[in-house]
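Reader: I would like to go through the labels used for this model. Please set each one against its definition.

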Amino acid sequence: MSTITLELEGVDRVAQKLDGVRERLYGDLTPVWEYAHAAFMLEEEAEFKTQGAHFGQVWEPLSAAYAKRKPQPPPPYGILYRHGRLLNSLVQKDHPDHVMEMGRDYAVFGTRVPYGKWHQQGTDRLPQRSFVKVRETFRKLMVRALIGYALRGTVPAVPDLTGIGTTTDEGLA
């Protein structure tokens, strides 16, 4: 008779690794949320700099009447930038209107600026200019970060935030 014998070695090591994966996935995902938050702020900065093009749809231009009387924002900002409050609330984590809530298994990012929802959703008199979206690229980054954290206990390096939130909220009470 001719046979082969198979033995499985290292099962205990594999089981330990799988236990670690389970513990991380059902444990505290804060490192993943912190990475997501940094990426969110970069996405928002890019969206404002490109006037909506970053998320795939350039914002509708201002009406001619409003464009005439609106103060000119610093380049490259424009349509959704008057004093910088909305932008800064999205890209400065210490801004009073910045939303960053994280729990063991959830995260919420955004803005408390009251007029932001009118731009995000549009109204009868104001065209929709969405500035908070989840792009496919962002979703893939989050999946990679989650997988990396589950398997290795680490997330990718947080994106460089140099230059993010350098505008001011001048003139706001």
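Reader: Why is Tyr-26 called exposed?
Author: Its relative accessible area is 66%. Exposed means over 50%, buried under 20%, and partly exposed in between (1.4 Å probe, protein chains only). Tyr-26 is therefore exposed. The residue is found in the loop between helix 1 (11–25) and helix 2. Helices (H or I, at least four residues) and strands (E, at least two) are DSSP runs, numbered from the N terminus.

Reader: What kind of model and numbering is this?
Author: This is a predicted model, where local features need pLDDT of at least 70, side-chain atom pairs count only at pLDDT 80 or more, and totals for chains, interfaces and linings use all residues. Residues are numbered from 1 along each chain as its sequence is written, and side-chain values use heavy atoms, with hydrogens and water left out.

Reader: What makes Lys-68 exposed?
Author: Its relative accessible area is 76%. The cut-off is over 50%, so Lys-68 is exposed. Lys-68 has its place in helix 3.

Reader: Which residues form a nonpolar patch on the surface?
Author: Leu-25, Tyr-26 and Leu-146 do, with about 310 Å² of accessible area together. Patch residues have over 30% relative accessible area and no salt bridge; nonpolar side chains (Val, Leu, Ile, Met, Phe, Trp, Tyr) are joined within 5 Å, like charges within 9 Å. A salt bridge is a side-chain nitrogen of Lys or Arg within 4 Å of a carboxyl oxygen of Asp or Glu. Areas come from the Shrake-Rupley method with a 1.4 Å probe; for residues, only the protein chains shown count as cover.

Reader: What is the volume of the second largest pocket?
Author: About 250 Å³. A pocket is an open set of points on a 1 Å grid over the protein atoms alone, where a 1.4 Å probe fits, with protein on both sides within 12 Å along at least five of seven lines; lining residues have an atom within 4 Å of a point. Of the 15 lining residues, the closest to its centre are Ala-36, Phe-109, Val-134, Phe-138 and Met-142. Helix 2 gives the largest share, five residues.

Reader: How is its lining divided by class?
Author: Into 13 nonpolar, no polar and two charged residues. Ala, Val, Leu, Ile, Met, Phe, Trp, Tyr, Cys and Pro count as nonpolar, Asp, Glu, Lys and Arg as charged, and the others, Gly among them, as polar.

Reader: How much space lies in the largest pocket?
Author: About 620 Å³. Of its 24 lining residues, those closest to the centre are Leu-62, Tyr-66, His-119, Leu-126 and Arg-129.

How values were computed
Points joined across faces, edges and corners; volume = space filled by probe spheres on them.
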